[in-house]
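Please take a moment to look over the sequence and the fold before reading on.

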Amino acid sequence: MQRIESVKEFGGYLNRYIHESEVCHCEMTFSVYLPPQAETDNVPALYWLSGLTCTDENARIKAGAQRYAAEQGIALIFPDTSPRGDEVADDEQRYDLGKGAGFYVNATQAPWARHYHMYDYVTKELPALLELNLPLIPNVKSISGHSMGGHGALICALKNPASYKSVSAFSPICNPVNGAWGKGCFTAYLGDDTNTWKAYDATVLVEMGARVSDILIDQGTADEFYHEKQLLPENFQAVCEKAGQAVTIRMQDGYDHSYHFIATFIGEHIAYHAKALAVWRLVG
C-alpha cells in the first residue's frame, strides 16, 4: 500500500492510501486516521462504511469523528464504497448502482462479478492489509456506517460475530430485500433468485439466527429515505425483539439523512465502540 496524503489532526494523522486489490481487481483508495496513541502503541480500529455516491473522503471530512477517535485512542478506517477505474462496470444513468454503490456484497452476475466484491474487501482483504502494515491491534476492531454503509456494517457484524467487538449504524438500510434500492441492486449484482439475497439482509440474517452482543442504531425522523420506506428500521426492530437480539434504535427528532445528523451523534457512537474495544483490548 502506498501513502498518497498525510494531514495532522488532533495530535494524530489522517492518511490516504492506494493499493492493488486482489479481490476487486483494481486500484482501491482508502483513508486511515491514526490517533496520537498510535505513535507509541498498537491501537484498536473502527471501520466506517459510507453510503451511496460516497468515497472514502465523505466521512473523513464531514463526520467530525477524528476528534473523538483521538480522545479514545482508536484508529478510524474509511474504505471506498465500490471498486473504481475505467475497466470497472458502471451504470451512469443510476446513482444507486455501480460506482459508489457497491452495497457491500460479492457480486455474482455479469458485468459486475469481476470487480464488485466489497464484502470480501471490507471483511477480509483490507483488515489483513492494515493489520500487517499499520500499528493496529490484530483482530480488535468494530464497525459502523451510514445508509448503504449502515447496511454493510450490520451484515458484516452479523455474518462475522467473532470479528467485530461492536456494531452501530446511522440510518441503515435494514431490510434491503423489501426496499427499492435493495431490490434493484441485488437483482443486478446477485441475480433473480431472491434466496441468494438473504445472505446480505440484516433483518433476514437475524431471523435466520445470526446474533451479535448488541446493536446501536440512530435514525432521524425527518429522513426522506425513511419516509420513502427505503430503510425499514421497524422491520429490523420487530425481528430483533422476536429473536431476542439486543438492539437500541434511537429515533432522533427532526434529523435528516445527512452528515449534519451523523456529526451530531458520532461522538456517542465512538464512545459506544470505545467501551467494547477497551474491554477486548484488556482481555487480549
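Where in helix α3 does a kink lie? The structure is a predicted model, in which local features need pLDDT of at least 70 and side-chain atom pairs count only at pLDDT 80 or more, while totals for chains, interfaces and linings use all residues. Residues are numbered from 1 along each chain as its sequence is written, and side-chain values use heavy atoms, with hydrogens and water left out. In α3, which covers residues 118-133, the kink is found at Leu-126, shortly before the proline Pro-127, and amounts to about 35°. Here the bend at a residue is the angle between axes fitted to the seven residues ending there and the seven starting there, and helices (H or I, at least four residues) and strands (E, at least two) are DSSP runs, numbered from the N terminus.

Both Leu-126 and Pro-127 are among the buried residues of α3, a list that also includes Met-118, Tyr-121 and Leu-130; buried means under 20% relative accessible area, exposed over 50%, and partly exposed in between (1.4 Å probe, protein chains only). What covers these buried residues includes the strands β2, β3, β4, β5 and β6, together with helix α4 (148-159), where contact means heavy atoms within 4.5 Å.

We can now turn to charged side chains. A salt bridge is a side-chain nitrogen of Lys or Arg within 4 Å of a carboxyl oxygen of Asp or Glu, and by this rule the count comes to nine. One of them joins Glu-5 and Arg-60, with 3.1 Å from N to O. Because Glu-5 lies in strand β1 (residues 2-9) and Arg-60 in helix α1 (residues 57-62), this pair ties together parts that are 55 residues apart in sequence. Glu-5 is partly exposed at 28% relative accessibility, whereas Arg-60 is buried at 7%.

Arg-60 also meets Glu-57 in a salt bridge of 3.3 Å, N to O, and these two residues, three apart in helix α1, are separated by about one helical turn. An α-helix has 3.6 residues a turn, so residues three or four places apart point the same way. Glu-57 is partly exposed, with 28% relative accessibility. A network of salt bridges links Glu-5, Arg-16, Asp-56, Glu-57 and Arg-60.

Another salt bridge is formed by Asp-218 and Arg-250, whose closest N and O atoms are 2.7 Å apart. This pair links distant parts of the chain, since Asp-218 is in strand β8 and Arg-250 in strand β9, 32 residues apart. Asp-218 is buried, with a relative accessible area of 0%, while Arg-250 counts as partly exposed at 24%.
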